[in-house]
Amino acid sequence: MKQLIDQNLLQEHNAKQEAAVTSDYNALAEKLDRSGVRIDTILEQAKQFTVAVPSWGVGTGGTRFARFPGKGEPRNIFEKLDDCSVIQLLSQATPAVSLHIPWDRPKDPNELRQYAEQYGLHFDAMNSNTFQDQIGQEESYKFGSLTHTNKAVREQAIAHNIDVVELGQKLGSKALTVWVGDGSNFPGQQHFKNSFSHYLDSIKTVYNSLPDDWNMLLEHKIFEPAFYSTVIQDWGSSYLAAKETGERCLSLVDLGHHAPNVNIEMIVSRLAQFGKLGGFHFNDSKYGDDDLDSGSINPYQLFLIFNELTDIRAQDPSYRPFYMLDQSHNVTDPIESLMYSAAEVQRAFVKSLLVDRQALTQYQETNDPMMAQASLKQAYNLDVEPILQMARLHTGGAIDPVSCYRASGYRAAVAKARPADPNKTGSGIV
Ligand code: LRH
Ligand code: MN
């Protein structure tokens with residue numbers, strides 16, 4: 001398999017740390033043994049855990065005010081895949097890449113598929129885009145897309161989504177994520193029922209074009225780019241639309257798309273209880289849709305979300321929603337942020353496996369709130385880093401991906417190979 005980080009450097013990096021990791025791992029093994037947990041069963045699950053990376057996440061992100069491009073930014077989908085291959089090689093947790101169309105539209109899908117496969121990468125959910133107007137586009141999405149009052153605009157948006165599905169089939173993807181920014185900036189500007197009805201008709205037409213083994217994931221968002229109302233504003237609207245549309249139409253939860261302090265782990269439980277929890281866009285935020293690194297602001301919330309997911313999987317071990325990172329890296333090296341974030345999501349998952357569910361259920365049934373929350377904190381407060389390090393070591397990754405990446409000089413090398421385009425500063429998330 002092709003790799004862009006020297007194997008000797010990776011092995012030397014690991015060799016220096018292996019003894020320390022093994023000693024930490026054995027100490028944790030002994031500690032877990034005392035509470036009847038076999039660490040190797042946890043390690044196996046940690047090694048299986050994966051989360052997809054967003055193709056648009058390896059470029060430098062920005063805000064509406066400015067974007068400060070980093071060195072060696074990828075200039076096309078092939079360079080984006082090169083960077084994604086480095087993230088996968090060192091983290092061993094991100095073998096899938098989620099594409100955004102038209103940003104990543106390849107001239108030859110087969111060539112792109114082979115380019116990814118040389119790195120052991122495959123394609124996760126496809127993302128359509130009817131929140132920007134493309135050059136030469138017939139109808140504008142200024143006042144919406146799938147919900148627009150004008151039928152011609154809705155049909156154009158429907159056709160785009162169907163086209164993305166067809167492209168995704170050639171690339172081996174198995175899902176379409178639909179996020180629309182459709183909404184209004186003024187009270188009275190949009191008819192809530194009519195716009196939602198347009199959405200339902202449009203999304204049903206896209207759904208009817210879906211291959212039998214595909215899922216469609218509807219992504220809700222509280223605001224932005226619309227600042228008064230958004231057609232798919234919350235999990236309720238998303239759930240209703242998914243229910244109305246069909247069995248393989250599910251809801252996707254982007255953590256940053258909720259008002260501050262909303263109980264997202266309860267939304268996860270609700271959607272799963274009614275069979276409509278299809279996937280996640282992991283990130284973190286303090287105020288709005290900040291798209292900050294997962295676990296960087298509120299790691300306990302991330303743990304509580306996985307606590308719900310592990311509880312759900314206790315009933316149905318085959319249940320596996322789509323997991324993807326959806327972040328904007330404005331001030332860090334995107335490769336470092338994505339490797340670190342993948343490990344933070346993996347950490348939340350591993351900690352959720354260490355919750356004593358029998359004890360928790362007992363405390364819940366007997367209304368012992370102190371011991372109930374303490375049983376969650378007991379798992380959350382465990383340092384599971386040795387399990388994550390051992391998982392990477394066993395699967396050919398780096399014990400410490402960020403320091404190995406820095407030692408590799410990859411960023412300096414691509415900075416030379418990819419001279420910056422002085423005109424491409426601008427603003428916006430990508
Ligand atoms: C919208 C969103 C959506 C993507 C976009 C890049 O805020 O989360 O998932 O299409 O970011
Ligand atoms: Mn998202």
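Is glutamate 138 buried or exposed? Glutamate 138 is exposed, at a relative accessible area of 69%. Buried here means under 20% relative accessible area, exposed over 50%, and partly exposed anything in between (1.4 Å probe, protein chains only).

The model is predicted: local features need pLDDT of at least 70, side-chain atom pairs count only at pLDDT 80 or more, and totals for chains, interfaces and linings use all residues. Residues are numbered from 1 along each chain as its sequence is written, chains are lettered from A and ligands numbered from 1 in the order in which they are written, and side-chain values use heavy atoms, without hydrogens and water.

**View 1. The loop around glutamate 138.** Glutamate 138 sits in the loop between strand S4 (126–127) and helix H5 (151–171). Helices (H or I, at least four residues) and strands (E, at least two) are DSSP runs, numbered from the N terminus. Glutamine 156 is 18 residues from glutamate 138 in sequence, with 8.2 Å between their C-alpha atoms.

View 2. Ligand 1 has 12 residues around it. His100, Glu219, Lys221, Asp254 and Asp326 come nearest. A residue counts as near when one of its heavy atoms lies within 4 Å of the molecule or strand in question. By class, the shell holds four nonpolar, three polar and five charged residues. Nonpolar covers Ala, Val, Leu, Ile, Met, Phe, Trp, Tyr, Cys and Pro; charged covers Asp, Glu, Lys and Arg; the others, Gly among them, are polar.

**View 3. Polar contacts of ligand 1.** A polar contact is a pair of N or O atoms within 3.5 Å; within protein, one must be able to donate a hydrogen and the other to accept it, and residues adjacent in sequence count only if both atoms are side-chain atoms. Histidine 100 places a polar side-chain atom 2.7 Å from an oxygen atom of ligand 1. For lysine 221, a side-chain N or O atom is 2.8 Å from a ligand oxygen. Aspartate 326 also has a polar side-chain atom 2.8 Å from an oxygen atom of ligand 1. Taken alone, ligand 1 exposes 300 Å², and the protein buries 96% of that. Accessible areas come from the Shrake-Rupley method with a 1.4 Å probe; for residues, only the protein chains shown count as cover.

View 4. H12 has 12 residues, 369–380. From first C-alpha to last, H12 reaches 17 Å, close to the 16 Å expected at 1.5 Å a residue. The expected span is 1.5 Å times one less than the number of residues. Ala372, Ser375, Leu376, Ala379 and Tyr380 are buried. They lie on the same side of H12 because they cover an arc of only 140 degrees around the axis. The arc is taken over directions from the helix axis to the C-beta atoms. An α-helix has 3.6 residues a turn, so residues three or four places apart point the same way. Met370 and Gln378, on the other side of H12, are exposed.

**View 5. The two faces of helix H14.** In H14 (residues 401–408), the buried residues are Pro401, Val402, Cys404 and Tyr405. Their arc around the axis is only 165 degrees, so they share the same side of H14. Arg406 and Ala407 are exposed on the face turned away from the buried side.

**View 6. Two cis prolines.** The peptide bond from isoleucine 101 to proline 102 is cis, with omega near 15 degrees. Proline 102 lies in the loop between strand S2 (96–98) and helix H4 (109–117). Glutamate 224 and proline 225 are also joined by a cis peptide bond, with omega about 10 degrees. Proline 225 belongs to the loop between strand S7 (215–219) and strand S8 (229–230).

View 7. Glutamine 92 has phi near 55 degrees, a positive value in a residue other than glycine. Its place is the loop between helix H3 (77–91) and S2. Asparagine 261 has a positive phi near 70 degrees. The loop between strand S9 (249–254) and helix H8 (264–273) holds asparagine 261. Asparagine 261 counts as exposed, at 80% relative accessibility.

**View 8. Two loop glycines.** Glycine 72 lies in the loop between strand S1 (53–54) and H3. Glycine 72 is buried, with a relative accessible area of 6%. Aspartate 421 is 349 residues from glycine 72 in sequence, yet their C-alpha atoms are 10.0 Å apart. Glycine 188 is found in the loop between strand S6 (183–184) and helix H6 (192–207). At 72% relative accessibility, glycine 188 is exposed.
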